[in-house]
Amino acid sequence: MEPLDQANPERAINSGRGVDTPDRSLPPALSVVIPAYNEADRLPATLDAVLAFLESRDYSWEIIVADDGSDDATPTIAAAVSRTPTVHHLRLPHRGKAAAVRDGVLAASGEVVVFTDADLSTPIDYVDRVRELMAAGADLVIGTREGSGARRLGEPAYRHLMGRVYNYVVQLLAVRGISDTQCGFKGFRRQVARDLFTSSRLYREADGPVRGPLVTGFDVELLFLAQKRRYRLVELPVTWHHVPGSKVRPGLDALLMLRDALRVRVNDLLGRYPAEARADTSCVRRGI
């Protein structure tokens, strides 16, 4: 396979077909984007689980590891697996999770694009439910750890409290009616993904040197845009497992996420989020 052009993450990627003979004349049915920053301990098991799941499916797929400038063995692990035609290693400068997810999603060529955390706290088999909801008319599907059918397993009480307080503030400032904006499992139609990620404004340029994982509230901006543009959004209740070694820093990241929610509101007041999709995207379905 031709190496991925890291300077241009929006270019098309060659894809294969799960258990069938690769057909590179068509885009894959599914792209799974995994942002990773210093995930050497968890990435091998995650990739094994994702590959085992996808290889058992009869639709075409690709995996993109969006490597956020890791300085441990993550690049070596991702590069080794990317020798498989359906797995791609996107080596990026360290700019934080928001930038890594954006570049990974814009590099994806699947009809449905899902991003999921490197710890696989939301099981990968929810991908099939995302595809079913897309077939029924959803434009984007977001995992939720709240409400009927959702479960949180092993989550520390302080993390749950922090998430509930943050969601209350987010609903006041930016995104109404969504009970969990921060679950790290979200799926999009390809055209919708390109519209939202190319229209987003947060974390495009670093404010200074980025140190540490930089887990932020970029999800709020995406969901705000989705609601403003009346895309059909579906919340998918998931079973979410707290995995030790989380990159979330409760104090600092809580402040950054609150700042992000406020920045979204200010950007909207300044007219920086048009209600219509960008002219260079082909977003074909609107909400009801």
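1. Start with Ala 29: apart from neighbours within four places in sequence, Ala 29 is in contact (heavy atoms within 4.5 Å) with Tyr 59, Ser 60, Gly 110, Glu 111, Val 112 and Arg 131. Ala 29 and Glu 111 are 82 residues apart in sequence, with their C-alpha atoms 5.0 Å apart in space. Ala 29 is buried, with a relative accessible area of 17% (buried means under 20%, exposed over 50% and partly exposed in between, with a 1.4 Å probe and protein chains only).

2. A word on the model. It is predicted, so local features need pLDDT of at least 70 and side-chain atom pairs count only at pLDDT 80 or more, while totals for chains, interfaces and linings use all residues. Residues are numbered from 1 along each chain as its sequence is written, and side-chain values use heavy atoms, leaving out hydrogens and water.

3. Next, the nonpolar cores (sets of buried Ala, Val, Leu, Ile, Met, Phe, Trp, Tyr and Cys residues joined through side-chain atoms within 4.5 Å). The largest has 42 residues, and those with the most contacts inside it include Val 33, Phe 115 and Phe 197. Helix H7 gives the most to this core, seven residues (helices are DSSP runs of H or I, at least four residues, and strands are E runs of at least two, numbered from the N terminus). Apart from this core lies another, of 37 residues, among them Leu 30 and Trp 240.

4. Now look at the rings. Five aromatic pairs turn up in the whole structure (rings of Phe, Tyr and Trp, the last by its six-membered ring, pair if their centres lie within 6.5 Å; planes under 30 degrees apart are stacked, over 60 edge-to-face and the rest tilted). Phe 115 and Phe 218 have ring centres 6.2 Å apart and planes at 40°, so the pair is tilted. Phe 115 lies in strand S5 and Phe 218 in helix H7, so the pair ties together parts 103 residues apart in sequence. Both Phe 115 and Phe 218 are buried. Ring pairs link Phe 115, Phe 188, Phe 197 and Phe 218 into a cluster.

5. Tyr 126 is in helix H4 and Phe 185 in strand S8, 59 residues apart. Both Tyr 126 and Phe 185 are buried.
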